[in-house]
Amino acid sequence: MLKKQIPLAITFITGVIIVITFFIPHPPFGRLQQDALTWYSVIFGFTMLLGVDSLVRFHYRKLRRREKGWWFSIIFYGGFLLSFITGVVSEVRFGDAFNINSSFMYFYNTILIPLQSTMFALLAFFIASASYRAFRARNIDATFLLVTAVIVMLGRVPVGYMLWHKLPNLTSWILNVLQLGPMRGIMIGIALGTVAMSLRLILGIERTYLS
Amino acid sequence: MILFILFSTITVKAFDTPNDGGGSITIKAYNVPETVKKALVYRKTEGDTTYTLAGVMSILSYRYVDADSTIKNGKPYYYRVDFYFPDTVISVVSDSPGIAYAQWYDKSKTSSLIFLIVFSTLVLVFIQLAKKDPEGLYIRKIPALDAIDEAVGRSTELGKPTFFVHGLLGITDAGTLAALTILRRVAKKVAEYDTPILVTNFDPIVMTASQETVKQAYTEAGRPDAYNEKNIIYLTYEQFGYTAGVDGLMVREKPGAIFLQGYFFAESLILAETGHSVGAIQIAGTTAKEQLPFFVAACDYVLIGEEMLAASSYIGREPVMLGSVKGADWGKAFLMGIIGIGVVLGTVGAILQSAGNGALMNVFEKILAFF
């Protein structure tokens, strides 16, 4: 009983206070939302330990059972230990692991950032493959999509202007009128849905998050 | 003499910054000639003999907000602004001292307060109506939510695991909470069909909430023994590290069904296309409007924005929950009505203004300023 009632009471009180403080800038109310976010950050710091524990256990299980791709787990442990050791050493040596001359930042800049850039670069190829499927003129809707996409793409590059000087204007009209209207409709729907969900949470109607 | 008359018209006013928590004074200059190149704001208070530099005033708005940490509420501060012309510098002192105060009500948020009251009232009224007449509520079909059973069933038939991929925002995001609701439904089906599930998390708080959600779903399905906490894993807090981790798991495990739920950024298409390449049935849901086209292009079903937020009501089918959705719809209708009135008022006002009658346009502009 209390397992449900206490979290519901905390949610109600916190929710009402945060809503009220939105309209009251006077201290201490004006800062309460910021303070709540600071508390969230503290809780987040502790739960990060749970996250690391989950990850280490997951890879330990893969290694122990020799599951498919188990050797990736060795790479994980190597990377994890490298980050941990260089982080501690850099903190001791420079007083800040994020010092630009630290070994931690060296590995971050020379390994992690290029890897992240590589992942991001994959997006170009995935856009091509997804566009190919989406723009195939299978039916009237997809044909409209194809024609509109061709106009927008051509209108955004110099060759479009060369083909027809009013193409960039047509592109702007599609983006600012045809596209923006429905997009704003979706935005309004999301905003109202969020308010309705917040009300359900504050009033204790929505309880699925409590498990 | 002409220069003196020109510069003598410049006035500087210092006043409490409105609608704030105190500790801030706004300095505004009026009748400033366009030839000013730079304007520096100086401040002094009681006991000071000289002015000290407070900051640089914008020469576009001729407004400067002094929110220095030394500003105390209720204490008078005197300001001087030095206007730099091409050939001279003119100093103008504020006609009265500025005194900072903290306000108890932010007037600029009145429109938000009105809307909050109207919207909350509508939601509460429809919740009460739903309690009285549960049969009178209609909610349109949401194919993506109806397809959950189909996706898990297909995954079971193929003997493949089901993947649930959380978005990149934390538990404070409404979309993440909605994703947990959908996870509960998916996990219950997975438990009933006795097929493996893997839940990947970007945020450790969401991971702990997911573990509790899946555990509860397995209990509801009568299979608490089948629950394995190790299947709800945290990957990393790096955006593309998370993407690489999820993609790697997809390629190695080849899931039969993938649920991409939550708030995604640039990684949305990378995840969805990888899922498509392994032949999984994919159901995405996000409140990130920029990522919707990518999901529509790459996934089988998509929960578009508010559909995701209505998921708990749709799945639970409780009258009270459905009533809140109905109330939100009426709130939308109310907003559409306001927008419609605004469009008519603005259009007619602009036509009349061009004909020489600007009264309606003035009303329209006052309404715009209020919002």
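**View 1. B:T26 has B:V65 in β5(B) as its bridge partner.** This is a predicted model; local features need pLDDT of at least 70, side-chain atom pairs count only at pLDDT 80 or more, and totals for chains, interfaces and linings use all residues. Residues are numbered from 1 along each chain as its sequence is written, while chains are lettered from A and ligands numbered from 1 in the order in which they are written. Strand β2 (residues 25-30) of chain B runs antiparallel to β5(B), joined by four bridges. Strands are DSSP E runs of at least two residues, helices H or I runs of at least four, both numbered from the N terminus.

**View 2. Three strands of chain B form an open sheet, in the order β1-β2-β5.** Pairing is antiparallel; two strands pair if DSSP finds at least two bridges between them. β1 (11-16) and β5 (63-66) of chain B are the edge strands, each pairing on one side only.

**View 3. The largest nonpolar core has 90 residues.** Such a core is a set of buried Ala, Val, Leu, Ile, Met, Phe, Trp, Tyr and Cys residues joined through C-beta atoms within 7 Å. Buried means 20 or more other C-beta atoms within 10 Å of a residue's own, with C-beta atoms placed from the backbone. Helix α4 (residues 174-193) of chain B gives the largest share, eleven residues. A second, separate core has 17 residues, including B:I27 and B:Y64.

**View 4. B:A311 is among the residues with the most contacts inside the largest core.** Leaving aside neighbours within four places in sequence, B:A311 contacts B:L145, B:A178, B:T181, B:I182 and B:L303. Contact means C-beta atoms, placed from the backbone, within 7 Å.

Definitions and conventions
A residue is buried if 20 or more other C-beta atoms lie within 10 Å of its own, exposed if 12 or fewer, and partly exposed in between; C-beta atoms are placed from the backbone. Two residues are in contact if their C-beta atoms, placed from the backbone, lie within 7 Å.
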